[in-house]
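Thanks for coming. I will talk through two interfaces today, and you can follow along on the screen.

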Protein chains: 4
Amino acid sequence: MMNVPLTGIVPPMITPMRGRDEIDVPGLERLVEHVLAGGVSGLFLLGTTGEGPSLSYRLRRELIERVCRQVGGRVPVLVGITDTAFVEALGLARFAADTGAQAVVAAPPYYLPGGQPELREYLHHLVAELPLPLFLYNMPALTKVPFDLETVRIAMDEPRIVGLKDSSGDMAYFHGAADLLSHRPDWSLLIGPEERLLDAVLAGGHGGVSGGANLFPALYVGLFNACSAGDAARAFQLHAQVLRVGSSLYRIGRHPSAVIKGIKCALACLGICDDFMAEPFHRFRAGERALVEQRLAALQAEIEGLRL
Amino acid sequence: MMNVPLTGIVPPMITPMRGRDEIDVPGLERLVEHVLAGGVSGLFLLGTTGEGPSLSYRLRRELIERVCRQVGGRVPVLVGITDTAFVEALGLARFAADTGAQAVVAAPPYYLPGGQPELREYLHHLVAELPLPLFLYNMPALTKVPFDLETVRIAMDEPRIVGLKDSSGDMAYFHGAADLLSHRPDWSLLIGPEERLLDAVLAGGHGGVSGGANLFPALYVGLFNACSAGDAARAFQLHAQVLRVGSSLYRIGRHPSAVIKGIKCALACLGICDDFMAEPFHRFRAGERALVEQRLAALQAEIEGLRL
Amino acid sequence: MMNVPLTGIVPPMITPMRGRDEIDVPGLERLVEHVLAGGVSGLFLLGTTGEGPSLSYRLRRELIERVCRQVGGRVPVLVGITDTAFVEALGLARFAADTGAQAVVAAPPYYLPGGQPELREYLHHLVAELPLPLFLYNMPALTKVPFDLETVRIAMDEPRIVGLKDSSGDMAYFHGAADLLSHRPDWSLLIGPEERLLDAVLAGGHGGVSGGANLFPALYVGLFNACSAGDAARAFQLHAQVLRVGSSLYRIGRHPSAVIKGIKCALACLGICDDFMAEPFHRFRAGERALVEQRLAALQAEIEGLRL
Amino acid sequence: MMNVPLTGIVPPMITPMRGRDEIDVPGLERLVEHVLAGGVSGLFLLGTTGEGPSLSYRLRRELIERVCRQVGGRVPVLVGITDTAFVEALGLARFAADTGAQAVVAAPPYYLPGGQPELREYLHHLVAELPLPLFLYNMPALTKVPFDLETVRIAMDEPRIVGLKDSSGDMAYFHGAADLLSHRPDWSLLIGPEERLLDAVLAGGHGGVSGGANLFPALYVGLFNACSAGDAARAFQLHAQVLRVGSSLYRIGRHPSAVIKGIKCALACLGICDDFMAEPFHRFRAGERALVEQRLAALQAEIEGLRL
């Protein structure tokens with residue numbers, strides 16, 4: 001079971017790999033324990049940070065199975081099923097349910113963009129067949145279309161849709177989504193971009209799907225807790241640290257893949273898992289890795305000083 | 001075998017369906033014969049018009065198998081393998097090769113957009129494993145990134161990459177691609193948007209992947225032949241007719257799916273196949289269908305007058 | 001007076017300059033005569049090709065005055081008044097009226113984009129104060145917002161709004177605009193992109209605002225006349241030539257300014273006027289100019305063979 | 001004289017108007033004193049919030065003159081000269097210098113977008129003629145092109161270019177700009193979006209050009225001071241209040257003009273100045289104004305409690 005609304009930090013877990021279609025199994029096991037030890041409230045598999053759409057369905061299934069088994073109910077596991085093909089999304093959702101996941105997460109089909117009426121009907125049809133509760137995933141930069149606020153409001157009429165993860169970076173949208181919370185006391189509103197986690201909690205959000213929590217889970221959990229508790233000085237201090245993670249690790253490399261590459265490379269430097277990436281992306285080369293190592297060391301020293 | 005360069009009209013075949021994961025088998029058989037009877041030079045399966053990314057992999061495989069068997073080598077069959085997951089693209093390509101297809105077609109992975117250096121490396125890795133020749137598919141409106149002209153030029157150094165289908169609608173790009181043809185006499189340069197077919201042939205292109213050729217294959221073949229033969233008066237006449245197909249059938253409905261809906265609906269009106277569409281899209285309702293029927297009748301009368 | 005609807009070719013005249021705020025007066029005089037000699041139906045000053053927004057208001061006024069005086073009523077002069085400031089647009093329109101221009105042309109204010117209801121109100125307020133008839137100028141790539149088709153339809157209720165120049169390049173939009181012509185028999189529908197001139201006339205448009213008509217006015221006039229007269233073979237031949245102008249002269253340089261630079265440079269090579277450009281753009285350098293010269297010579301030979 | 005780097009809060013002043021080309025003179029006088037009383041470090045006239053591009057040049061000059069006279073050197077006055085026409089930008093800069101302004105601010109020319117090499121040359125030419133120091137204004141959503149970081153670095157070689165106001169909302173860009181500060185100890189790095197003011201100061205920025213400082217100048221000054229002084233609890237408290245200003249006042253209305261409309265309407269409710277807006281925008285109607293009044297009262301009560 002999953003408490004509702006889901007609150008706190010739910011890391012979008014990166015997918016440790018050793019090759020094009022091979023999970024780094026020991027790395028995955030270490031990563032799951034590393035993240036759980038930080039006090040996270042759940043795990044989100046196969047999102048953007050998890051390279052979900054780049055992975056074979058076979059590997060996706062293996063990942064879901066391994067993680068659900070290892071987590072063993074300690075926290076809820078959410079599984080990304082975003083897909084251009086309805087049938088494949090449904091297949092993955094059924095597998096997730098059978099394996100013990102607690103919820104699924106779906107962004108709009110992202111090849112030929114649908115209009116909002118088409119998206120509303122899509123959600124209606126999808127949820128009718130889903131064996132698990134559904135979180136909406138708003139990610140217009142990658143799906144071309146948002147779930148607009150009117151669509152979110154209509155989705156709230158479906159009891160099996162239980163929350164929204166907003167990765168748009170548009171705080172006017174997030175505030176609009178927060179305005180809708182009165183319709184559904186069990187609805188979870190989570191923020192994607194971690195540098196807005198503090199703002200999101202101030203706005204009434206329930207937590208964050210923070211990529212950096214793969215690396216430093218206790219930092220993000222600590223920030224969420226300080227915000228929730230109204231501990232202003234601590235919240236400010238941890239927010240500043242979260243910004244430093246982003247400004248030092250996510251800006252190496254120039255393409256949208258730089259954030260994932262930075263996290264995977266840092267996890268490799270920490271000895272947690274391999275930094276192999278699915279095509280068309282590739283791990284950082286030696287020069288970039290040296291930079292990651294150096295910046296990671298500085299971050300670790302800072303974070304140690306925070307006594308999380 | 002496939003003659004090189006591939007010239008003429010290669011329709012991006014729509015996928016006749018009876019349900020969410022069910023091919024309209026008799027409709028598919030009628031459609032293939034209808035299109036072949038029009039004199040096309042090949043069939044392109046599982047492109048944008050074919051709703052490729054919206055279909056289950058099972059249905060995609062069934063479609064490839066049925067069409068390859070039915071065509072029986074009368075024309076080459078090209079199979080769209082565009083995918084966000086390298087492993088799935090490769091799996092489909094291997095299936096296509098085993099089933100007797102002649103080539104595969106791939107656009108850039110379309111979820112998290114790669115930079116051009118990443119796309120070049122992707123093509124290099126992909127072609128190394130492909131069992132069939134590869135056509136590039138430039139479709140930046142849907143994949144977020146183009147194959148830029150420098151990437152196309154570099155791709156020409158791979159003998160197994162044999163052509164480019166350009167659906168950008170940017171004729172400066174198309175002319176730039178035509179300038180590159182001297183590097184590879186066997187390279188095929190095909191245009192997507194059918195209202196630019198005449199211009200594309202004038203620019204040195206080898207033909208078109210024209211959606212309307214699902215409906216009126218002889219019209220598009222006739223236009224291509226008239227352009228190639230320098231029959232100016234005939235080319236003008238058929239080009240004007242192609243524009244009328246688009247202005248009457250593709251503008252019913254307001255979303256990017258309107259073109260596919262219009263073609264599928266018109267094929268249903270002709271009794272060729274069902275107009276079921278994959279999620280998140282749906283067939284036209286009664287009002288729109290009545291409009292299609294009426295306009296289709298007018299087009300048929302005009303096209304009959306052309307004595308193709 | 002201006003015949004309605006305005007039909008034929010109305011070149012978007014480039015602005016010959018000798019310096020940052022100085023007209024090339026003899027060049028301007030030669031250019032006006034050169035273009036009029038080609039049989040054009042009007043002149044459009046201070047559009048995108050005319051670098052209107054980049055010029056001082058003083059120079060814009062001088063240009064309007066000189067051209068109106070020189071043309072002396074031989075054809076209508078249309079003046080671009082597109083401006084982010086309503087008061088400045090109005091001031092320019094009044095000057096144009098006083099100087100003898102026949103109409104003004106306005107795109108949406110292009111800094112902070114307005115919604116369609118705001119644009120409709122804007123047009124209503126603008127036309128109430130304008131001393132001349134108004135053409136709408138649809139150019140969403142540069143103004144961020146279109147005049148959508150519903151806005152065009154509503155604008156047709158204002159008798160002082162007399163036409164639409166569509167530079168969107170979106171032929172579905174153009175066909176939609178053509179569908180509206182039954183509401184206003186006096187309305188002019190003109191196309192911007194010259195490679196679509198033939199298609200636009202086939203779709204019921206009244207002519208084109210073709211940049212290349214600065215260079216080869218008789219070619220574009222000939223194409224328009226052939227299309228209008230239904231002379232298919234001639235239309236095809238001249239359309240092919242228009243495509244060759246674009247593919248050889250407009251693709252030197254890489255930025256959106258390449259088209260204007262190519263036209264100005266070619267006019268300089270012809271000895272018609274200076275190719276100075278307003279900031280932040282600059283004339284082609286020697287290498288690019290050599291390429292223009294060479295391609296221009298080829299085009300001239302081809303066009304001479306057409307016996308226009 | 002202006003201290004360098006310019007630090008603190010520099011409100012982008014709205015332009016109080018009574019009609020299409022008429023300043024609300026008493027309102028302007030009240031607004032200037034209201035803002036100065038809050039402890040701001042400067043005034044920025046004729047930016048986006050000031051509706052600069054929508055105003056006649058006559059009104060812009062009147063505004064500059066009135067404000068410079070009234071301020072009388074108490075703080076520096078920065079004047080927006082962003083223009084599509086180089087000559088007009090220069091004319092405004094000269095007027096600003098003659099009237100006693102301390103600096104000018106320019107975004108890229110925003111009609112036909114230039115490439116970065118063109119923008120670099122533009123800045124080089126502009127600064128050579130400017131009588132005042134220049135701040136760059138990065139605002140790609142409205143100018144279509146950014147000043148990219150390489151262009152900023154090159155601009156730092158011009159001693160007369162003295163700072164950057166970044167309104168992109170892209171914190172990776174802002175961090176990149178902060179990395180460049182070591183090249184120029186006198187360079188000011190200011191942030192536009194006020195909800196990122198705290199993050200900007202944490203990243204090494206010198207302050208903010210915060211629209212809300214028209215209304216509540218002491219709030220933004222207080223936030224800046226708390227951040228600078230490392231007073232974490234106070235910074236957190238004031239940041240939360242700044243977010244509430246935005247979430248309550250800037251989301252009434254649906255278009256990009258909603259922020260300016262909200263600020264102007266609130267100032268009118270406070271009795272400071274008229275809320276007339278330049279075309280194509282219009283003041284809020286009664287229903288929206290009632291909402292502003294109600295939310296403003298709540299904000300005032302909260303802010304009073306902060307004892308700024």
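I start with conventions, then take the two interfaces in turn.

This is a predicted model, in which local features need pLDDT of at least 70 and side-chain atom pairs count only at pLDDT 80 or more, while totals for chains, interfaces and linings use all residues. Residues are numbered from 1 along each chain as its sequence is written, chains are lettered from A and ligands numbered from 1 in the order in which they are written, and side-chain values use heavy atoms, with hydrogens and water left out.

First, chains A and B. Here 41 residues of chain B contact 42 residues of chain A, where contact means heavy atoms within 4.5 Å. Between them the two chains bury about 3,900 Å², 64% of it on carbon and sulfur atoms. Buried area is the accessible area, with a 1.4 Å probe, that two parts lose on being put together, summed over both.

How many salt bridges are there between chain B and chain A? The count is six, with a salt bridge taken as a side-chain nitrogen of Lys or Arg within 4 Å of a carboxyl oxygen of Asp or Glu. One salt bridge joins the side chains of E118(A) and K261(B), at 2.9 Å from N to O. On the chain B side that touches chain A, the elements giving two or more residues are α3 (86-99), α4 (116-129), α5 (140-143) and α11 (258-269). Helices here are DSSP runs of H or I, at least four residues, numbered from the N terminus. The largest share, five residues, comes from α4(B).

Next, chains B and C. A rotation of 180° with 0.0 Å of shift along its axis superposes chain C on chain B, with an RMSD of 0.0 Å. The two copies are thus related as by a two-fold rotation axis. The superposition is by least squares on the C-alpha atoms of residues with pLDDT of at least 70 in both copies. In chain C, the residue closest to that axis is A233(C), at 2.2 Å for its C-alpha.

At this interface, 19 residues of chain C contact 19 residues of chain B. About 1,700 Å² is buried between them, 70% of it on carbon and sulfur atoms. On the chain C side, L202(C), F236(C) and R251(C) lose the most area to chain B, together 35% of what that side buries.

Two salt bridges are counted between chains C and B. R251(B) and D179(C) meet through their side chains in a salt bridge of 3.1 Å, N to O. As for helices, α10(C) gives the most to the side touching chain B, with eight residues.
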